[in-house]
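Please describe this protein model for a reader who works with coordinates, giving the cut-off behind each term.

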Amino acid sequence: MVGFLMLGSLFLGLIAWILPVISIVRYKKCNIINGLICLISLTACAVSLCFQIIYNYHLVKSEEWSSLLDTSGGSVMASVILLIVTIILNIAVLFTYGDSKKVL
């Protein structure tokens, strides 16, 4: 069951990156739901980071200190990169559609 937290975190992180990229690529299509796409992207990023926190909590509760020490550095770095890239992509969507009233 705990392994699904890591897979879910990876899957939601990919969704958080793919949705804004699709929105930018489809700029010519005049899609009205780009504000919703940004919201879904940021929500997927937040849930992905929540899964990481729950996984670390599981490691602490089961007292797997060596696993926690081995994975905490990479987990923190991946979480920071996920958050920064997601924010940058969503800002790019807002700037792309900012002048044309296509964002909700």
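## Basis of the model

This is a predicted model, in which local features need pLDDT of at least 70 and side-chain atom pairs count only at pLDDT 80 or more, while totals for chains, interfaces and linings use all residues. Residues are numbered from 1 along each chain as its sequence is written, and side-chain values use heavy atoms, with hydrogens and water left out.

## Overall fold

The protein has three helices and zero strands, and its elements follow the pattern α-α-α along the sequence; helices (H or I, at least four residues) and strands (E, at least two) are DSSP runs, numbered from the N terminus. Of the 104 residues of the protein, 30% count as buried, where buried means under 20% relative accessible area, exposed over 50% and partly exposed in between, with a 1.4 Å probe and protein chains only.

Contact is taken as heavy atoms within 4.5 Å. Among the contacts with a separation of 6 or more, 80% are accounted for by residues 24 or more positions apart.

## Helix α2

Helix α2 covers residues 34–61, which makes 28 residues, and it reaches 41 Å from its first C-alpha to its last, close to the 40 Å expected at 1.5 Å a residue; the expected span is 1.5 Å times one less than the number of residues. Just after α2, Glu63 takes a positive phi of about 55 degrees.

The buried residues of α2 include Asn34, Gly35, Ile37, Cys38, Ser41, Gln52, Tyr55 and Leu59. The buried residues of this helix pack against α1 (2–25) and α3 (65–97).

Ser48 belongs to helix α2 and counts as buried, at 1% relative accessibility. Leaving aside neighbours within four places in sequence, Ser48 is in contact with Ser9, Leu12, Gly13 and Leu82. Leu7, found in helix α1, counts as exposed at 54% relative accessibility; the C-alpha atoms of Leu7 and Ser48 are separated by 9.5 Å, although the two residues are 41 residues apart along the chain.

The largest nonpolar core has six residues, namely Leu12, Ala16, Ala44, Cys45, Leu49 and Leu82. The elements that give two or more residues to this core are α1 and α2, and the largest share, three residues, comes from α2. Such a core is a set of buried Ala, Val, Leu, Ile, Met, Phe, Trp, Tyr and Cys residues joined through side-chain atoms within 4.5 Å. Not counting residues up to four places away in sequence, Leu49 touches Ser79, Leu82 and Leu83.

## Cysteines

With a disulfide defined as a pair of cysteine sulfur atoms within 2.5 Å, the count comes to zero disulfides. Cys45 is buried, with a relative accessible area of 2%, whereas Cys50 counts as partly exposed at 38% relative accessibility.

## Largest pocket

About 290 Å³ of space lies in the largest pocket. The elements that give two or more residues to its lining are α1, α2 and α3. The lining holds 17 residues, of which Ser9, Leu10, Gln52, Ala78 and Leu82 lie nearest the centre, and α3 gives the most, with seven residues.

On a 1 Å grid over the protein atoms alone, a pocket is an open set of points where a 1.4 Å probe fits, with protein on both sides within 12 Å along at least five of seven lines, and lining residues have an atom within 4 Å of a point. Grid points are joined across faces, edges and corners, and the volume is the space filled by probe spheres set on the points.
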